[in-house]
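Below is a short report on one structure. The sequence and the model are shown next, and the sections after them can be read alongside both.

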Amino acid sequence: ACGSSGDDSFVPDEEPGMSVDSVGNGRYLVLYSSRSGNTEKVARQISTILHCDILEVEPVTAYEEDYNAMLDRASEELAAIDRGNYPAIATSVDGFDKYDLIFIGYPIWYGRMATPMQAFLHEHASKLEGKRVALFATSGSSGISTSANEARGFCPQATFTETLLLTSSGLAQMESRVATWLEGLGANREEEEDEVSSLKVKITVGERTVTATMEDNVTAKAFLARLPLEVELSDYAGAEKIFYPSPKLSTEGAPRGGNPTAGSIMLYEPWGNVAIFYKSGSASNSLIPMGRVDGDGIEVFRESGSLRVKFER
Ligand SMILES: Cc1cc2nc3c(=O)[nH]c(=O)nc-3n(C[C@H](O)[C@H](O)[C@H](O)COP(=O)(O)O)c2cc1C
């Protein structure tokens, strides 16, 4: 076997860390590594039950298809780890601040934690300080305690919960075992309808989807109540994309006055049109602030001419 130690692997220096695709409110994150799919199934089950974020920790060099070649590689990588050389992994995370509980799953290799997850914990140990960590593993028959000790070694400042091990005979009861374990941890499905997410809107423009955060006022709420909504936005003055809701949106009691900047979503009361500003506009008492396109999502509205868009919750 060649190139298996990982010592000399070139790690591209492109992204400092990846952000996890958020689906839930971000209380839980499931991180897993998996070669033949068993641990991945458990990880997906956890993420489905909790409706939470999930991220695979992947090696830079793909796993060998051939089982014997894989056994060789794994034992070489484990020996290298014992000498302080970790295999290169393609996954890194900027931080775990928003997560209350982080699930970490891996297969058992030679009684130990699979090497990609060891490398991940080695690289992220300081970021996991003070975090609550729930370990889960799959194996043919071996136990989890050696790998749990390895995890504690990497992250002495983390708090470890009760673990879950599914051996090949236990995988058949995966659903009930996972559900019972999560109950014991007090982990439950993330609520989707909290105040913040209820003001979130997805806007799809062609192939791209951006998000906006709406205001908590009567006009914005009237708009939210009409979603999903597909409309043609026309260009106005080379600064706004506009459309005319029909019937007009209620403005009764809404705060007046706006100073539009790129990203502002406002209602122009005299005409009743909704305007998404991709450039700054003039301040006006006839503008009612309705919300704002998040981040740099406003870029998608800079295309010239009209745009077909879909707004949805
Ligand atoms: C390199 C390697 C070493 C393994 N060592 C063990 C072991 O020591 N004890 C055990 O019970 N199973 C062992 N297995 C079996 C895996 O732990 C088991 O198939 C696991 O569910 C695989 O998870 P995955 O499908 O997520 O990759 C090993 C598998 C591989 C590939």
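## Two residues with positive phi

Tyr110 is found in the loop between β3 and β4 (112–113). Helices (H or I, at least four residues) and strands (E, at least two) are DSSP runs, numbered from the N terminus. The phi of Tyr110 is near 50°, a positive value in a residue other than glycine. Tyr110 is partly exposed because 14 other C-beta atoms lie within 10 Å. On this scale a residue is buried if 20 or more other C-beta atoms lie within 10 Å of its own, exposed if 12 or fewer, and partly exposed in between, with C-beta atoms placed from the backbone.

Ala237, in the loop between β10 and β11, is not a glycine either and has a positive phi of about 60°. Ala237 has 9 C-beta neighbours inside 10 Å and therefore counts as exposed.

## Model and confidence

This is a predicted model, in which local features need pLDDT of at least 70, side-chain atom pairs count only at pLDDT 80 or more, and totals for chains, interfaces and linings use all residues. Residues are numbered from 1 along each chain as its sequence is written. The pLDDT (the predictor's confidence in each residue, from 0 to 100) averages 90 over the protein chain, and 89% of the residues score at least 70. Over residues 1–16 pLDDT stays under 50, and the model has 24 contacts for them beyond four places in sequence. Two residues are in contact if their C-beta atoms, placed from the backbone, lie within 7 Å. For the complex, the predictor gives an ipTM of 1.00 and a pTM of 0.62.

## Overall fold

The protein chain has 6 helices and 15 strands. Of its 313 residues, 34% are buried. Among contacts between residues at least 6 apart in sequence, 76% join residues at least 24 apart.

A closed barrel is formed by 8 strands in the order β8-β9-β14-β12-β13-β11-β10-β15, with antiparallel pairing. Neighbouring strands of this sheet are turned by 35° against each other on average, direction ignored. Strands pair if DSSP finds at least two bridges between them. Strand β10 (residues 229–236) is joined to strand β15 (residues 307–312) by 5 bridges, and the two run antiparallel. Leu233 stands opposite Leu307 in β15.

## Surroundings of the ligand

The ligand is surrounded by 20 residues, of which the closest are Ser34, Asn38, Thr39, Pro107 and Gly140. A residue is near a molecule if its C-beta atom, placed from the backbone, lies within 6 Å of it. At least two residues of this shell come from each of α1 (38–50), α2 (67–82), β3 (101–109) and β5 (132–139).

The shell has 7 nonpolar, 11 polar and 2 charged residues. Ala, Val, Leu, Ile, Met, Phe, Trp, Tyr, Cys and Pro count as nonpolar, Asp, Glu, Lys and Arg as charged, and the others, Gly among them, as polar.

## Loops and cis peptide bonds

Glu65 is placed in the loop between β2 (53–56) and α2. Glu65 counts as exposed because it has 9 C-beta neighbours inside 10 Å. Thr61 is placed in the loop between β2 and α2, and is partly exposed, with 17 other C-beta atoms within 10 Å.

The peptide bond from Leu227 to Pro228 is cis, with omega near 0°; Pro228 lies in the loop between α6 (218–224) and β10. A cis bond also leads from Ser246 to Pro247, with omega near -5°. Pro247 lies in the loop between β11 (240–243) and β12 (264–268).

Conventions:
Axes are lines fitted to C-alpha atoms, for helices over the stretch in contact, and angles run from 0 to 180 degrees between N-to-C directions.
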